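Me: I would like a close look at the aromatic rings in this model. Please take one part and go through it in order.

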Amino acid sequence: MDLAGRRGRGVVTGSIRVDGNTLLLGDGVHVRFIRTLRLPESGTHALPPNLGEFPLRRVEDYPDTVPGEWLAKGGVMLPVYLREAMWLSFGGTREPAALQVGVGKVCAVSGERWSGRLARDPQNYVVLPRQPWLDGINSGDGTVRQFVAVPLGLGATVEGQVTGEETTGGVQLQAFPLGPQALERWREGERARLLPPPPPAPGGGGLYGGPPAPSGGFGGYGAPAPMRAAAPGAAAPAAAPAMGLGVGGSMRQEVYRDDRALSAWAPEPAARIFVHLVTPPTWRRITGEEPPPSPVDRAAYTRAGLPWFDYYDESGHDLPPTGTLGQVKPVGDWLGDDHTPWTPPNPHQITPLGPTPRPGKPVRDGDW
């Protein structure tokens, strides 16, 4: 069950809307922040599950309780526990877009400092809807290192390790649409692809219709859980602990190379937004709401036989690793070892995912 949109009509913020717990950037980029199981920091693992959406709230709706610097940055906020893991879902994005994802204004794809422009060498964006989700920083060779929340000031964030300072925190998003001509060509191709196939010529066999295009409609893996909410209250503005993203364990996930010319994309973004990460006590003080409960224990999840996932797109090409992101250390180097028991999932618990296959199974003809 998808919880996006269940809170009613979206709230307009310039070229950005907040619809339930979904960010709508520009003319159709959908982003949701998903709670998940934290992976061990050693080994490479399957994709962890969807444990429900992080609730999103507009900063400007709480002018009397958020810190003044948050009001200056605007954007949205979400509550996250220390060392809690998350992933970004792009399900619902239909038309092509180039999305930049920053963690403390460090690009999660290239490892370069945040830029207002798209770049190809190295690529500093993900291509939607081909990229259905992003679970962490690009570590290359078909893997990413999981996003894990940590406080600023320890040096554990990606920002701290790459830039040597921790002043920004949070998550930054910036979406670029295709340019007008490239977008019209793509739409023409989609219209042609979706037309009913012509009937076969009399007496002719043969195939009609090409293979389906990669699907971008994956809303996430697993079943989201409901969120708790309480009546909002009031409190005096106060400083809030700053949170950012470090990295945890490695998982099998490709960050796909763009197969378009860089000139196909619009030169200016359609939307940009700052996402503040809030500790549960701060969330309660600012919004008057109870944050979601602490994440489920991963050993109990696996023992219950619940699914993990594996995604493969044979037509996609993985981006190579970057030297900068390849040297980022896991948060355990600062916060101590992870002593939570690790129960590996059985092979039957790992569900394969991928672009929509041809429907049905092939049928063998025989002697008549």
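Is tryptophan 133 buried or exposed?

Reply: Tryptophan 133 is buried, at a relative accessible area of 1%; buried means under 20% relative accessible area, exposed over 50%, and partly exposed in between, with a 1.4 Å probe and protein chains only. The model is predicted, so local features need pLDDT of at least 70 and side-chain atom pairs count only at pLDDT 80 or more, while totals for chains, interfaces and linings use all residues. Residues are numbered from 1 along each chain as its sequence is written, and side-chain values use heavy atoms, with hydrogens and water left out.

The structure holds two aromatic pairs (ring centres of Phe, Tyr or Trp, the last by its six-membered ring, within 6.5 Å; planes under 30 degrees apart are stacked, over 60 edge-to-face, the rest tilted). Tryptophan 133 pairs edge-to-face with tryptophan 87, at 6.0 Å centre to centre and 75 degrees between the planes. This pair links distant parts of the chain, 46 residues apart: tryptophan 87 is in strand E8 (residues 85–89) and tryptophan 133 in strand E11 (residues 133–134). Strands (E, at least two residues) and helices (H or I, at least four) are DSSP runs numbered from the N terminus. Tryptophan 87 is buried too, with a relative accessible area of 0%.

The rings of tyrosine 125 and tryptophan 265 are also edge-to-face, with centres 6.4 Å apart and planes at 70 degrees. Tyrosine 125 lies in the loop between strands E9 (97–103) and E10 (126–128), and tryptophan 265 in the loop between strands E15 (243–252) and E16 (271–278), so the pair ties together parts 140 residues apart in sequence. Tyrosine 125 counts as buried at 0% relative accessibility, and tryptophan 265 at 5%.
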